[in-house]
Amino acid sequence: MNKLEQEKLQYMSNAIRGLSIDAVERANSGHPGMPLGMSDVATVLFSKYLKFDPHNPDWLNRDRFVLSAGHGSMLLYALSYLVGYKDCSLNQLKSFRQLGSKTAGHPEYGLLKSIETTTGPLGQGLANGVGMALAEKILNKKYGKLVDHKTWVIVGDGCLMEGISQEAISFAGHQKLNKLIVLFDDNKISIDGSTDITCSDDQEKRFRASNWNTMKIDGHNFNEISNAFKQATRSSKPTLICCKTVIGYGSPNKSGKESSHGAPLGSIEAKLTKENLNLIEKNFVVPDKILNNWRSLKTKGKKNRENWEIRLKNSQLRKDLLKQMKKRKFERSKDVFFFLENISKNIKNEATRKSSQNTLEFFNKKIENLIGGSADLTGSNLTKISSSNLHGKNINYIHYGVREHLMSGAMNGLAVHGGFIPYGGTFLVFSDYCKNSIRLSAMMKQQIIYVFTHDSIGLGEDGPTHQPIEHLPGLRAIPNLNVFRPCDAIETFEAWEIALNSKSTPTVLALSRQNLPLLRKKFKNNLSMKGGYILEEQKNNKISLIATGSEVSLGYEIQNYLLKKKIKSNLVSIPCLDLFDQQDKKYKEKVLGNQIRVIIEASSTQSWYKFVRENDLIFGIDKFGESGKAEDLFDYFGLTTEKVVNKIMAKIKL
Ligand SMILES: Cc1ncc(C[n+]2csc(CCOP(=O)(O)OP(=O)(O)O)c2C)c(N)n1
Ligand SMILES: [Mg+2]
C-alpha cells in the first residue's frame, strides 16, 4: 500500500473517531475507547475486504460483520453512516443512546440494517458469528458459489475472557469454519484496568490449540492489517488476528487507559484529541472529500451484488435457495389428521420427548430448513431423526458437543443469518447454561426451538443437580418466549406446530423423560393455541384441577378419584402459560373456573400466584429434588393422587 493510500485511509479512519467522540460527548454517555482504538482495523475491513451493499443490506450473500464487543457501538454506527446505509443518518448519530433512536447504547438487531445481531453481553457475538459461519458452510455445500461469504467478528479482551468464547473457539476450530475471521481488539485494557490484573492467557496459543490460524499485527498499521486480512481470507481454518491497539487512540491524556473505556472524554479532552488527530473542531462534520471516499465504496458493493444476481438468475438452484431463505407458515393438510389419528389409535403411554421425536419425523418431511442438534445428549433429547444428516450436501443436524451456551448462541447466529429454523436440545436443568442466549433469541424475535427434556423430578435417580425446579418460572419470565410443557403426544405435536408457526418468537419445549398416558381424545383443532383449555369438563363442578405436562395425567387420576367420592371437577391443561396469559380475561376465567382452583406442577410454584385466590391450592416443589425412583419422588414431594386429594378434602370441609 503506497503512502497516499495510507494517508487516505488515515483520514477515513479519523472520521470514525471524530463522529464517535462527538456522539458520546453529546449523549454524555457511551464508550469512546473501543471505536478510537479499532477504527483503523475497521476502515481497512470496510474499504477493502467486507462484501456489502448499503443499498441492498439484506443481500443474502453479503459478508456478515459482528461487533461482539457491543459497547463499541459507535464504531458500527459511524461506519453505517459513512458508507451510506439509508437508515443511519447523521441525525441518528446525534441521537445516540436516546429513547426511540436506532442508535441504542448497544447494537440491537432490527434497529439498523447494518446490525447483524444484538450484542452487548460479552462473548455472545462471537458465538453468533460461529453460527453465521456454520450457516454459510452448510449453505455453501448445498448451493456452491451462491452462498459464499465471510463472517468477521470484532472481539475485545472481555469477549475472550467470557466462558462462552472457549466453547465457541473449540467448536469453530473443530468444524474448520475457515470463513470465520475474528479480529481481536488486543488493547490489554478492560474496565478494571490493565488485563495484567486479570488474565495471563496467550491468546494465539489458546486459539491454535483449538485448530485456528492465528496472527499478531499492529492494529494501527494499514499495511499489516491489510496483509493479515488477505492471508485470513485464504485460510483453511478459522482465523484469529490479534490486533495490537491502543484504547482511546488519539486522546493525549486518556489513550491506553481504562478511563477512555466507558465515559465521555470530556469537552477539553475531546478538543485535544480532535486537534491531535487533525480533525475539524466542529461537531458531526466530515469533510466532503473524506465522506466521498467512504460513500464511493458502495460502487464496488453494488457491482458485486449485481454480478451475484446474474449468477443467481442463471442458476438451477435459484428456486431452492430462495425457498430455503423464505419464512413460511405451516398449513395443516390431511396428513396432520392421519398423523394425529394414528397417535390416538396406537399410542397409549409415551414420554413426550419421544412424542417430540415422532413429531419431528413428521415435520422434517414438510419443512426443509430445520436444523437440529443437541449438546451431547442426542439419545436423551431425541432430537435426531431418520432424515438427520451430518455430512454431505444436506446437513441438517449438528453435534454441538457439551457446549450448551455455544449451541444457543450459534442457533441465534443460524437464525439471524437466514435460511434455517434451528432447534437444539439439552436437559431443562441446563437451560441455565443457555440462558443469556435464550434471552437474546427472544429479544431479537428469532424463531428458535429449544428442546429441553428431563423436565422435572420425573427423571428420577440422577438427583437434584439434574432436576429442574426454578427453571420453568425463570423461562416463563422472559418476554416473547413461549414455554410449552405438553401433557401427551397430541399436545406435543400441537406445541411443535405452534413453534413452527411462530416466526418471531422462540419456543422452549419442556419434555418428559418418563412415559405419560395419552389424554387427549380430540385432535381436530390445535387446542394448545390459546395456551390452556378445559380437557375434561364435569357439570356442576366444585373444583378446577389445573396442571401442566406430566401432572395433567395426575390431575386426571385425581378427577376420577374425586368422582368416586361424588365430587365433580374440571381438568384444565395449560401447556403454555405464556400464551394462556395473553388471552382475554373472560376466556381465562372460564378455563380456570370460579370454584376452588387446584394447581399441580412439579416445579417451583412461582408461576402460579397470579392465577390463584386466597382459598385455592398450589401443589409444586419449592426445594431442590432428591435422588430416587421417579415414583418415590412424586410421593415424597406430595404429588400423588392420595396426598393431593387429602388436602382437597380438608379444604372442602372448611
Ligand atoms: C457478559 C458481560 N459482562 C460484563 C459486561 C460489562 N462490560 C462491558 S465492557 C466490559 C469490559 C470489556 O473489556 P474489553 O472487551 O477489553 O473492552 P475495552 O475496554 O477494550 O473496550 C465489561 C466488563 C458485559 N457487557 N457483558
Ligand atoms: Mg480491552
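1. In what sense of crossing, right-handed or left-handed, does α15 pass α20? The crossing of α15 past α20 is right-handed; a crossing is called left-handed if the near helix is turned anticlockwise from the far one by less than a right angle, and right-handed if clockwise. Helices (H or I, at least four residues) and strands (E, at least two) are DSSP runs, numbered from the N terminus.

2. On the basis of this note: the model is predicted, so that local features need pLDDT of at least 70 and side-chain atom pairs count only at pLDDT 80 or more, while totals for chains, interfaces and linings use all residues. Residues are numbered from 1 along each chain as its sequence is written, and chains are lettered from A and ligands numbered from 1 in the order in which they are written.

3. The pair α15 and α20. Two packed helices are described by the angle between their axes and the distance between the axes. Helix α15 (residues 352-366) packs against helix α20 (residues 489-501) at about 50°, and their axes are 9 Å apart. Axes here are lines fitted to C-alpha atoms, for helices over the stretch in contact, and angles run from 0 to 180 degrees between N-to-C directions. The angle therefore makes α15 oblique to α20; angles under 35 degrees count as roughly parallel, over 145 as roughly antiparallel, 65 to 115 as roughly perpendicular and the rest as oblique. From α15, the contact is made by Thr352, Ser355, Ser356, Thr359 and Phe363; from α20, by Ala489, Thr492, Phe493, Trp496 and Leu500. Residues are in contact if their C-beta atoms, placed from the backbone, lie within 7 Å. By class, the contact of α15 with α20 holds five nonpolar, five polar and no charged residues. Ala, Val, Leu, Ile, Met, Phe, Trp, Tyr, Cys and Pro count as nonpolar, Asp, Glu, Lys and Arg as charged, and the others, Gly among them, as polar.

4. Helix α17 and its partners. Helix α7 (residues 163-174) packs with α17 at about 75°, with the axes 8 Å apart, which means that α7 is roughly perpendicular to α17. Gly163, Ile164, Glu167, Ala168 and Phe171 of α7 make the contact with His405, Leu406 and Gly409 of α17. That contact of α7 with α17 comprises four nonpolar, three polar and one charged residues. With helix α18 (residues 435-443), α17 makes an angle of about 15°, again with an axis separation of 8 Å; α17 is therefore roughly parallel to α18. The crossing of α17 and α18 is left-handed. Here His405, Ser408, Gly409 and Asn412 in α17 meet Ser437, Ile438, Leu440 and Ser441 in α18, and by class the contact has two nonpolar, six polar and no charged residues.

5. The six-stranded sheet. The strand order of this open sheet is β10-β9-β11-β12-β14-β13, with parallel pairing; strands pair if DSSP finds at least two bridges between them. Its edge strands are β10 (397-399) and β13 (482-484), each pairing on one side only. Neighbouring strands are turned by 20° against each other on average, direction ignored. Strand β9 (residues 370-374) is joined to β10 by three bridges, and Gly373 has Ile398 in β10 as its bridge partner. Helix α17 (residues 404-417) lies across β9 and β11 (421-427), at about 170° to β11.

6. The five-stranded sheet. This open sheet has the order β16-β18-β17-β19-β20, with mixed pairing. At its edges stand β16 (533-536) and β20 (617-619), each with a single partner strand, so one side of each is left without a neighbour in the sheet. Strand β19 (residues 596-600) pairs with β20 in the parallel sense over three bridges, and the bridge partner of Ile600 in β20 is Phe619. Helix α21 (residues 550-564) lies across β16, β17 (543-547), β18 (569-573) and β19, and runs at about 160° to β17.

7. The shell around ligand 1. Among the 19 residues around ligand 1, Met34, Gly156, Asp157, Gly158 and Ser190 come nearest; a residue is near a molecule if its C-beta atom, placed from the backbone, lies within 6 Å of it. At least two residues of the shell are supplied by each of α2 (33-49), α6 (157-161) and β4 (189-190), and the largest share, three residues, comes from α6. The shell divides into eight nonpolar, eight polar and three charged residues.

Note on methods:
Two residues are in contact if their C-beta atoms, placed from the backbone, lie within 7 Å.
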